[in-house]
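Welcome! Have a look at the model first, then try each task before reading on.

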Amino acid sequence: QIMLLTDPEVESSLLISSDEGATYQKYRLNFYIHSLLFHPKQEDWILAYSQDQKLFSSVEFGRRWLLLHEGVTPNRFYWSMMGNGREADLVHLEARTVDGHAQYITCKMQNCSEATRSKPFPGYIDHNSLIVQGDYVFVQLTSGGRPHYYVSYRRSPFAQMKLPKYSLPKDMHVISTDENQVFAAVQEWNQNDTYNLYISDTRGVYFTLALENVKSSQGLEGNVMIDLYEVAGIKGMFLANKKIDNQVKTFITYNKGRDWSLLQAPHTDLRGNPIQCLLPYCSLHLHLKVSDNPYTSGNIASRDTAPSIIVASGNIGTELSDSDISMFVTSDAGNTWRQIFEEEHSVLYLDQGGVLVAMKHTSLPIRHLWLSFDEGRSWSKYSFTSLPLFVDGVLGEPGEETLIMTVFGHFSHRSEWQLVKVDYKSIFDRRCAEEDYRPWQLHSQGEACIMGAKRVYRKRKSEKKCMQGKFAGAMTSEPCVCTEADFDCDYGYERHSNGQCLPAFWYNPSSLSKDCSLGQSYLNSTGYRKVVSNNCTDGVRERYTAKPQQCPGKAPQGLRIVTADGRLTAEQGHNVSFLVQLEEGDLQRSLIQVDFGDGIAVSYANLSSTEDGIKHIYQNVGIFRVTVLVENSLGSDSAVLYLHVTCMYAH
């Protein structure tokens, strides 16, 4: 299926083909399309956003459209993609009310009438703040000049996200919601060109610090770019550029931010000369900008189908620099690096990284490219055009088995576009067999247990020239025994120099038990929590895991007695209902004594419900002093009310 949009200055129509472009039908539109959002699973379902901020839906690949909502915020509309495939036809959107407030609304894509839509967040939200990502929904609400962030996990009611008490955020970006955990970048009130990284529990409510002062910059459209790179193919592996005393250095983590280390620089340069570079004074630093343009590679590249290979541009020294940039490759997931070029190149992965193709970044015309069949150890030069070409972009064909790339550019500044298609199939005379592979164990400087498991991958032996085809993934993964290294500090705890997690100055560990009432239980933290996607078993797991504990009781506090109708007068011979309210403590597990002031008193033990009130009839007129006493084993509290009882005059 192919869809073409006409030039809106001429007309507003869609041209649709369902026979690979052999024939097209034209469909006129009564709105001008600003952007389209295709459903991730259903290819005929589309949301269209118009230039006058209306949102339309189509279930027929654009042949018919239905108006869903008006006044929708740009780019704040989402298909609902829950992991379990529920509610596939639900649309999430942020819309403006008549009086200019923003609201979070969900509705079915075929019916968004007032009666069928729902508002999952009570009240208004900040403009331009709705994010729907996987199992999580985020909104922001500013009050008292400070933004407050709320999260809903698996569409449950919203809860306020809790950062450490001292944190005063002014901006937040959700980096990833992989594997039931939120990775967020937060800019504190005193930060200008850096962000702090925080990582959450499963519900996305409690956040702990993963890395401070990660460098950030403004993109071309005013968007914020944070120097953090998630390595494809290996879960939990990130690279980040951190600012330390005005120097920017590159750090790597294999366990989703629990531990960070500098990158070991190569021992030799391109010519084989030794490089003198000792950690921690000198290390390898990488540029982590990812390209917005699909036709040019960014500064760094990794692929799901080539789990151990990362190609990046950077420099060796005390800090990251914009001059003297070379290209580096690792084929063991960041443990060791090799220099491959002295100038910047675009690098393409073909055949799961079995072939790497490099082209020089230059404004001059070129006719050569470089190929490596051994994960970037050696490179050979090939010419791909007889006339030198100004290269504008390179595109690898989608799909894992591809061995075709397209180079496009122009021969002179006045000439048309030229497309050169390069097919590498002829280089290989056979497909890889089992004996062409070797096992490779993922490790971090020799430590094989990463995220609680030992993972072994299948790698093609570097000297074998054969075509790999389909990607098999990790060969084996077996859990490790839990050690202290598998646990982060829990919310409210900080790691001290001896490695122990102890309560932070702002946190009172007993505060958790204060929020619950007798008879319920709460999770009593050990000060540690397992990294969410960590798979370790046994070992210290039992010792470090939070234990459910019975809530302690509380002495009654804040007792009040009021009449059900709120008045301090009543009529003789009529029922009066008294309500007993308690701020702290539990009425159901206390002794309650009420003295009505007319010589009658009652007492209740384990009162099941005071919602209907305690009823009493006064036989005489006058002013009565009503007292209530509530007590349990920890203490007591009392309250008083004066009631004026009158009678109707007969004459």
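Two strands pair if DSSP finds at least two bridges between them, and strands (E, at least two residues) are DSSP runs, numbered from the N terminus. This is a predicted model, where local features need pLDDT of at least 70, side-chain atom pairs count only at pLDDT 80 or more, and totals for chains, interfaces and linings use all residues. Residues are numbered from 1 along each chain as its sequence is written, and side-chain values use heavy atoms, leaving out hydrogens and water.

**Exercise 1.** Find the strands that pair with β34.

*Solution.* Start at β33 (residues 390-396), which runs antiparallel to β34 and is joined to it by 6 bridges. Here Gly396 stands opposite Met405 of β34. Next, take β35 (residues 418-423): 6 bridges join β34 to this strand, again antiparallel. In this pair, Phe408 faces Leu419 of β35.

**Exercise 2.** Which residues have the most contacts inside the largest nonpolar core?

*Solution.* Such a core is a set of buried Ala, Val, Leu, Ile, Met, Phe, Trp, Tyr and Cys residues joined through side-chain atoms within 4.5 Å. The largest has 26 residues, and Met237, Leu239 and Leu286 lead in contacts inside it. Strands β24 (283-286) and β26 (306-317) each supply at least two of its residues. A second, separate core has 21 residues, including Leu559 and Val580.

Methods
Helices (H or I, at least four residues) and strands (E, at least two) are DSSP runs, numbered from the N terminus. Buried means under 20% relative accessible area, exposed over 50%, partly exposed in between (1.4 Å probe, protein chains only).
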